[in-house]
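Hi,

Here is the structure I promised to pass on. Have a look at it first, and then read my notes on what turned up.

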Amino acid sequence: MRNKSGNEERRSAMKTALVCGAGGFIGGHLVEFLKGRDYWVRGADIKEHEFRDPSADDFALLDLRELSDCRQALAPPDGKPFDEVYQLAADMGGMGFIHAAETEIMRHNVLININMIHAAAEAKCPRYFYSSSVCIYRDMKPGEPEMTEDEAYPALPHNEYGWEKLYSERVVGAYGRRHGLKTRIARFQNCYGPYGTWTGGREKAPAAMCRKVAEVDGDEGEIDVWGNGTAIRSYTYVDDMVDGIYRLMQSDLEGPANIGNPEYVSVDELVEVVAGTAGKAIHIKHIDGPVGVLSRNFSNDKIYQTGWRAQFPLVEGIKRTYPWIEEQVRAAKTAKSV
Ligand code: NAD
């Protein structure tokens, strides 16, 4: 465990949070957000953050598939349980990874989720957040009316990642009822922003499109896009997501809540926004590849009860994301050439 010295005495006077998955994209941003609100924060992850050193008060390198490691993550230095536990650790990635790694996703994530909630109940943590996904919903057709949280049932998730998330939602709910934990569950739409995976096969569509456009030399070029480019999605900028997570955690809202930017665009429109930000003329070549569901359209009425609203339209979020990915692409090119 890596401690930042001098923080231990201050801890007893502060609100405390454990962020699982702090070495990852959303978890890393959440650590920064909570530190900005004067929390004492422990991060836990199986790896260090790839792109920055989040300012957690301590950081524990642990394999949360193991119950003993979950107990270690939750063990407070002063005997007082964490006020808030945020569970964002998962073996996950974009559509390519979701299709290629079904068994890893189902096994690893179930183990993480059953062991974390069990250990949190043992440790008598009062509040527990679980990061689910809109992948728990069935496929939709373009133009269908908004789906509410209850319409997840009868269940027909499009992929095994969604089934695992749905099962884990139910485990978290059951532990909450049995042990009196206040559990809060968010179903995230696709989230993007800087300091997230941008290459290697686990990246999601916005990061992949930013990378492909950044890799185009000069002002004009062609990029490959999986499918016919018409799949509809909403993309939520990470600062909005973290704000939604926090508001949900502080709220009295029981049961899962969708969190997503209500702006829906096709994959081709996403590329257009990225190309516009980059100032490049981009031609799209549609190729075969895993696309996922046809369409998405979810109600945010529940999370709106917390006062949450998406503050970053896609254009604004991409303006904050593209330069960071462009910088990574440039650095990778330079490293290759030396
Ligand atoms: P991420 O991959 O960047 O972060 C997940 C972190 O979990 C990684 O740092 C990883 O090392 C860690 N982890 C994996 N296995 C572990 C283990 N055995 N022990 C400890 N840590 C382990 O992903 P993210 O985008 O930050 O997603 C966070 C959560 O939000 C996940 O539960 C994900 O399923 C969910 N979610 C994300 C999106 C999105 O668009 N990013 C959408 C829907 C749901």
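**Around the ligand**

With three residues, S6 supplies the largest share of the shell around the ligand. Bear in mind that this is a predicted model.

The shell holds 27 residues, and those that come nearest to the ligand are Phe25, Ile26, Asp45, Tyr161 and Cys191. Sorted by class, 13 of the shell residues are nonpolar, eight are polar and six are charged.

At Gly23 the backbone takes part: one of its polar atoms sits 3.5 Å from an oxygen of the ligand.

How much of the ligand does the protein cover? On its own the ligand has 820 Å² of accessible area, and the protein covers 93% of that. The elements giving two or more residues to the shell are helix H2 (25–36), strand S6 (127–133), helix H6 (160–179) and strand S8 (190–192).

**One more residue: Leu67**

Leu67 belongs to helix H3, which spans residues 67–74.

Leaving aside residues up to four places away in sequence, Leu67 touches Asn115, His118 and Ala119. Leu67 and His118 are 51 residues apart along the chain, yet their C-alpha atoms are separated by 8.2 Å.

Cheers

Notes: Residues numbered from 1 in each chain as written. Predicted model: local features only at pLDDT ≥ 70, side-chain atom pairs only at ≥ 80, totals over all residues. Heavy atoms only, no water. Near = heavy atom within 4 Å. Polar contact = N/O pair within 3.5 Å; in protein donor to acceptor, adjacent residues only side chain to side chain. Areas by Shrake-Rupley, 256 points an atom, 1.4 Å probe, with all protein chains shown as cover. Helix = DSSP H or I, 4+ residues; strand = E, 2+ residues; numbered from the N terminus. Nonpolar A, V, L, I, M, F, W, Y, C, P; charged D, E, K, R; others polar. Contact = heavy atoms within 4.5 Å.
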